[in-house]
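Visitor: I'm new to reading protein structures. Could you walk me through one?

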Amino acid sequence: MSVDGKALVLGGGGVTGVAWEIGLLHGLAENGVDLTDADLFVGTSAGSSVAAQVLSGVPFNDLFAAQLADAGGEIAARIGLGSLLKFVVAGLWPGDPARGRAWLGRQALRARTVPEAERRAVIARRIGDGGWPATRLRIAAVEAETGEVRVFDASSGIPLVDAVAASCAVPLTWPPVTIGGKRYIDGGARSVANADLAAGYRQVVVLAPVTQSVRPSGRPQAQVAALGPGVRTAVVSPDRAARAAIGRNVLDPARRRPAAEAGRAQAAAEAERLRTVWQ
């Protein structure tokens with residue numbers, strides 16, 4: 001049964017996804033559509049970082065300016081072809097999808113990456129140390145050994161930075177994150193946005209820097225369609241100009257500024273459609 005509430009779903013998409021989402025949210029607010037008054041935030045990977053930043057109380061002007069500044073606090077990386085092929089194998093795994101995710105998780109546990117503490121420090125600099133917000137926030141991650149989905153929130157008893165770091169732990173690129181003796185990989189291993197975690201809300205907007213998924217059921221459009229009748233929904237993904245600004249490597253910190261500026265510019269074209277859903 002739907003409740004009288006609004007949910008903002010923020011999907012994954014690397015460091016450029018963070019920038020594009022912040023730019024888009026900033027531009028929408030400038031056009032009179034403030035999506036941050038949502039009753040629920042759902043964050044996956046990059047989207048978990050954006051949710052934490054937006055709910056920290058830092059003004060949009062400052063969040064946006066940070067995306068335009070030098071990206072010295074980030075670590076440059078690239079998802080190689082071999083890693084992409086392993087993502088496809090995991091996504092096409094027959095039977096229970098969790099088995100494919102567990103196979104990918106085990107690959108991630110053996111991969112050579114930067115130290116976990118170094119990666120955690122990047123996330124901490126990105127989101128600050130304000131702790132869990134008062135607004136309900138759900139963050140998706142995947143347990144590496146079992147492939148099971150774990151949804152962290154304020155009741156989980158862990159620091160917000162650990163939940164975000166786990167959700168952002170791109171397998172084979174960044175180290176799995178240790179929480180309570182278990183290791184976790186990116187929530188995007190299950191779905192690029194995990195929009196189904198917004199089930200029960202009457203108005204749902206999804207910002208999805210990436211919309212493609214090996215399994216059709218993991219795509220934002222399919223997930224919002226399954227939320228049921230009477231739910232007003234919208235999925236926003238980068239337009240042509242934004243895709244060009246983001247480029248081919250979503251983990252390239254040098255693309256933060258153009259991605260953020262493209263998100264802000266795209267907002268003008270999306271504002272009226274989202275206003276109809278949101279208000």
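Visitor: Leaving aside neighbours within four places in sequence, which residues is Asp 186 in contact with?

Guide: Contact means heavy atoms within 4.5 Å. Here Asp 186 touches Ser 45, Val 142, Ala 166, Ser 167, Cys 168, Ala 169, Val 170 and Pro 171. Bear in mind that this is a predicted model, where local features need pLDDT of at least 70 and side-chain atom pairs count only at pLDDT 80 or more, while totals for chains, interfaces and linings use all residues. Residues are numbered from 1 along each chain as its sequence is written, and side-chain values use heavy atoms, leaving out hydrogens and water.

Visitor: What joins the side chains of Asp 186 and Ser 45?

Guide: A polar contact is a pair of N or O atoms within 3.5 Å; within protein, one must be able to donate a hydrogen and the other to accept it, and residues adjacent in sequence count only if both atoms are side-chain atoms. This pair has one of 2.8 Å. The unreviewed UniProt entry annotates both residues as "active site", though such annotations may be inferred rather than shown by experiment.

Visitor: Is Asp 186 buried or exposed?

Guide: Buried means under 20% relative accessible area, exposed over 50%, partly exposed in between (1.4 Å probe, protein chains only). Asp 186 has 5%, so it's buried. Ser 45 is buried too, at 8%.

Visitor: Where does Asp 186 lie?

Guide: Strands (E, at least two residues) and helices (H or I, at least four) are DSSP runs, numbered from the N terminus. Asp 186 lies in strand E6.
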